Amino acid sequence: MLAVVCCVSTAVLTGCEKEIEVAPAVYDCAVTDPGLGTAHPKHQVYHEFLQSWKRIGLPGSILLVRDKHGLWVDAAGKADLAGNVAMKPCNLFYMASITKTFTAAAALKLHEMGLFHIDEPAIKYLPEFAGIPHGDKITIRQLMNHTSGIGNDNFTVSTLDYFNHTPIEAKSLDDWLKILQKPRFAPGTSWEYSSGLDFVGVIMARVSGKSAYQVIEDEILVPLGLRNTYLSDRTRPEGLPKKYMDLQANGKIIELKVPFVPAKEGALDFTSGGGISNAHDLMKFAEALFKGNLLKPETLELMKESVPIPDGLIGWDGFPGYGLGLSFVSTPYGSAMGHEGDLFGASSFMFYFPEQDITVVGAMNVTSYPLRLAFADYKEIARVVTQ
């Protein structure tokens with residue numbers, strides 16, 4: 001039965017002149033490792049940093065830090081504002097583009113098996129690329145490090161869908177090929193964040209005889225025991241926090257209710273951004289990957305080979321380069337590798353500082369450019385966790 005809930009905070013929720021119906025949701029989750037909590041020597045520092053996100057207007061947020069003292073993890077704010085449901089440190093969240101790192105790692109496992117080589121032309125496995133400009137020149141590596149010339153048009157299309165309240169539907173390969181008729185640049189001549197990892201997912205499926213999602217599950221999730229990670233953007237577990245957006249970047253937050261419809265026949269696996277996880281699983285994945293317990297040493301080095309990110313790109317300050325599904329962050333307090341993710345109504349990050357052996361994971365359930373900058377201020381995050 002739907003519960004009828006009044007908008008209780010006009011300062012936070014807008015457009016709620018009348019009562020809205022809010023479907024009941026299951027937010028319970030099991031804390032398998034609560035960390036040291038208040039016994040952690042930096043508990044007060046991390047707690048205050050997490051609370052600062054709440055004070056600036058994040059509906060709900062999660063912060064996990066694993067440093068030399070041990071694990072600290074907590075949550076602040078609400079998973080559901082109208083329902084007054086608190087966010088928990090074990091809650092699931094949309095990891096969005098952090099999915100790219102999972103996809104790249106699984107693809108590199110297939111590379112290790114000899115099922116393909118990342119420097120091969122993608123057209124060898126994607127003959128459909130013959131119909132797009134420069135399609136015969138794009139390599140698998142370029143799809144993974146955003147130098148293929150393929151843009152991020154899907155984001156623009158999805159944004160318009162959201163603004164027009166159109167249900168979001170996963171695209172087929174034919175849909176994508178139509179979008180790719182106007183490449184941004186010739187392969188290997190520049191860099192632009194793209195949806196290239198979606199096509200890597202197609203290649204993974206064709207060389208393995210399994211879906212891309214199944215490859216990632218077999219090569220990553222099962223071996224690492226990641227029981228709270230879900231790959232499909234079309235199979236959502238219960239307990240996901242509500243999604244919110246500050247549409248006009250003016251501090252007025254509304255709940256996003258645009259539905260995702262079941263995928264149509266032939267839809268691509270969303271291997272560039274469809275994942276769902278929690279902070280503990282992302283910590284396990286990052287540490288297994290970056291400490292050499294997932295890929296061979298030479299393959300990990302291959303993954304870390306980066307191309308420079310051009311100066312002046314909005315949102316990429318402090319990111320000197322990009323590897324294979326892998327971001328690098330440079331700060332005065334140390335450098336980190338990992339990835340961040342943005343989806344409508346959610347943002348997240350997962351980074352590992354190798355010099356200090358520190359892992360940090362964060363998540364929030366809102367899309368807002370001003371809040372995003374504060375949430376993912378990596379210089380400040382690095383200062384807090386390393387000092």
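Visitor: Which helices do the buried residues of H9 pack against?
Guide: This is a predicted model, to begin with. In it, the buried residues of H9 pack against helix H2 (99-113), helix H3 (140-145) and helix H8 (279-290).

Visitor: And which are the buried residues of helix H9?
Guide: Helix H9 covers residues 297-304, and its buried residues are Thr-299, Leu-300, Leu-302 and Met-303. They span an arc of only 155 degrees around the axis, which puts them on the same side of H9.

Visitor: What's on the face turned away from that buried side?
Guide: Pro-297 and Glu-298, the exposed residues there.

Visitor: Let's switch to strands. How many residues of E15 are buried?
Guide: Strand E15 runs over residues 358-364, and seven of its seven residues are buried. Ile-358, Val-360, Gly-362 and Met-364 point one way, while Thr-359, Val-361 and Ala-363 point the other way, and all are buried.

Visitor: Is its pairing with E3 parallel or antiparallel?
Guide: Antiparallel: strand E3 (residues 60-67) and E15 pair over six bridges. Arg-66 has Thr-359 of E15 as its bridge partner.

Visitor: How many bridges join E14 to E15?
Guide: Seven, and strand E14 (residues 346-353) and E15 run antiparallel. In that pairing, Ser-348 stands opposite Ala-363 of E15. The hairpin of E14 and E15 has four residues between the strands, and Asp-357 takes a positive phi near 55 degrees.

Visitor: What about the open sheet, what order are its strands in?
Guide: The order is E8-E7-E16, an open sheet of three strands with mixed pairing. Strand E8 (254-255) and strand E16 (366-367) are the edge strands, each pairing on one side only. Strand E7 (residues 244-245) pairs with E16 in the parallel sense over two bridges, and Tyr-244 has Val-366 of E16 as its bridge partner.

Visitor: New topic: how many disulfides does the structure hold?
Guide: One. Cys-29 and Cys-90 form it, with their sulfur atoms 1.9 Å apart. Cys-29 lies in the loop between strand E2 (20-22) and helix H1 (43-56) and Cys-90 in the loop between strand E5 (85-86) and strand E6 (93-96), so the pair ties together parts that are 61 residues apart in sequence.

Visitor: Why is that disulfide called right-handed?
Guide: Because the torsion about the S-S bond of Cys-29 and Cys-90 is about 75 degrees.

Visitor: And is Cys-90 buried or exposed?
Guide: Buried, at 4% relative accessibility. Cys-29 is partly exposed, at 27%.

Visitor: How many aromatic pairs are there?
Guide: The count comes to 16. One of them is Trp-191 with Trp-316, an edge-to-face pair at 5.1 Å centre to centre with 80 degrees between the planes. Trp-191 lies in the loop between helix H5 (173-179) and helix H6 (196-208) and Trp-316 in the loop between strand E10 (307-308) and strand E11 (321-322), so this pair ties together parts that are 125 residues apart in sequence.

Visitor: Why does the pair of Trp-316 and Phe-319 count as edge-to-face?
Guide: Because the planes of their rings are at 75 degrees, with the centres 5.1 Å apart. Phe-319 is buried, with a relative accessible area of 5%.

Visitor: One last thing: what lies over the face of Tyr-94?
Guide: Lys-243, at 5.2 Å from the ring centre.

Technical notes
Residues numbered from 1 in each chain as written. Predicted model: local features only at pLDDT ≥ 70, side-chain atom pairs only at ≥ 80, totals over all residues. Heavy atoms only, no water. Buried < 20%, exposed > 50% of the residue type's maximum accessible area, 1.4 Å probe, protein only. Arc of directions from axis to C-beta. Contact = heavy atoms within 4.5 Å. Pairing = 2+ DSSP bridges. Disulfide = S-S within 2.5 Å. Phe/Tyr/Trp six-rings, centres within 6.5 Å; stacked < 30°, edge-to-face > 60°. Lys NZ or Arg CZ within 6 Å of the ring centre and 35° of its normal.
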